[in-house]
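Reader: Hey, I'm new to this one. Could you walk me through it?

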Amino acid sequence: MIIVMKLDVAEEDIKRVEEQLEELGYASHLIRGVDRIVIGAVGDKKREGASSLELLPGVEKVVPVMAPYKLVSREVKPENSLIDIGDGVVFGSQELVVMAGPCAVEDEERLFTVAEKVAAAGARLLRGGAFKPRTSPYSFQGLEEEGLKLLAQARQKTGLKIVTEVVNPQDVELVSSYADILQVGARNMQNYVLLRELGRQSRPVLLKRGLSATIEEWLMSAEYILSEGNYSVILCERGIRTFENYTRSTLDISAVPVVKGRSHLPIVVDPSHSSGDRKLVPALSRASIAAGADGLLIEVHPQPEKAMCDGPQSLTPHDFEILMGELRALAPLCGRRL
Ligand code: PEP
Ligand code: MN
């Protein structure tokens, strides 16, 4: 439920409500919105006494939240969440944020080459996996900490922020000591131990949609992270498994406006994994921006034909530059800037 506070509420009234919620066995989450302060109260059971909260000073009303996810819901927070990762890079604002780079960090030379090129074309973050959750145990699994170090050096050289995947709950601390955003891959969307661990630290999380997850399951996964106290979650639609096999996955473009309607969290699209085909990446990128996405996650490799993974879906730096030009022209028509 949400406890909506009066416009002129005093801090001591807020404190009193929080104490009362604790007594009733609820966890409370204070949300200072633009117009109002609300307190999200979450717990697993209907408890006696919740209605008496309306009698406390400073409380305007108590509203039940109908959706199964609470803290990620727009019912709790009507305005868009802005996720600020520093140096003017803000997800959920008018500015579109493009993240680009190779599937995996392979070596210093290739990483630095691609980082410089995507930065010059207007990307704000460099992507690249150092820990790779591969379908086959025999495929390249990533450079691990060595890869994280190369990403940090690339940040130093280019000013790009870093987004990279964390696979194992035990590695959260290590990865967050290098990365600006921690990515949860599609295969780990329902790894609740990992999600809770990410909720207990403060780095923003990019939460990819699971291969066969409904939007509701995906939002419930985001709820795990927020419920532990980390409100900086960016959702990433990366395609879902359907009967269609001309593409690697089916990009669920409708997820963008559906999520926007139900949640205050920013949402970006990954046109690379959803198509599996670099020829389709420009069209899916344009469609995503037109549908209201807050940004894109795009695979770019200096020599896609030699990439250690996901070469067929990787753009060359030159193709990426052309796409960025197209998106720059499109953005104002969608009320955005790039
Ligand atoms: C990736 O972004 O490198 C990745 C593995 O994607 P996904 O988890 O969406 O398959
Ligand atoms: Mn990939």
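Predicted model: local features only at pLDDT ≥ 70, side-chain atom pairs only at ≥ 80, totals over all residues.

Reader: Okay, so is Glu108 buried, exposed or partly exposed?

Author: Glu108 counts as partly exposed, because its relative accessibility is 44%. The residue is found in helix 2.

Reader: Which residues gather in the patch of negative charge on the surface?

Author: Glu108, Glu109, Glu145 and Glu146. Helix 2 (108-121) and helix 3 (145-158) each supply at least two residues of that patch.

Reader: Switching to salt bridges. How many are there?

Author: The count comes to 21. One of them joins Glu11 and Arg32, with the closest N and O atoms 3.2 Å apart. Glu11 sits in helix 1 (residues 11-24) and Arg32 in strand 2 (residues 27-32), so this pair links distant parts of the chain, 21 residues apart.

Reader: What about Arg336 and Asp294, are they buried or exposed?

Author: Both are buried. They form a salt bridge too, at 2.7 Å between the closest N and O atoms. Arg336 lies in the segment after helix 10 (317-330) and Asp294 in the loop between helix 9 (281-291) and strand 14 (295-299), so the pair ties together parts that are 42 residues apart in sequence.

Reader: Which residues are linked in a network of salt bridges?

Author: Arg196, Glu197, Arg200 and Glu228.

Reader: Last one: where does Ser263 lie?

Author: In the loop between helix 7 (255-262) and strand 13 (267-269). Ser263 counts as buried because its relative accessible area is 0%, and its side chain reaches the backbone oxygen of Val72 at 2.7 Å.

Terms used
Residues numbered from 1 in each chain as written. Chains lettered and ligands numbered in written order. Heavy atoms only, no water. Patch = residues over 30% accessible without salt bridge, like charges linked within 9 Å, V, L, I, M, F, W, Y side chains within 5 Å. Areas by Shrake-Rupley, 256 points an atom, 1.4 Å probe, with all protein chains shown as cover. Salt bridge = Lys/Arg side-chain N within 4 Å of Asp/Glu carboxyl O. Lys, Arg positive; Asp, Glu negative; His and termini not counted. Charge placed at Lys NZ, Arg CZ, Asp CG, Glu CD. Helix = DSSP H or I, 4+ residues; strand = E, 2+ residues; numbered from the N terminus. Buried < 20%, exposed > 50% of the residue type's maximum accessible area, 1.4 Å probe, protein only. Polar contact = N/O pair within 3.5 Å; in protein donor to acceptor, adjacent residues only side chain to side chain.
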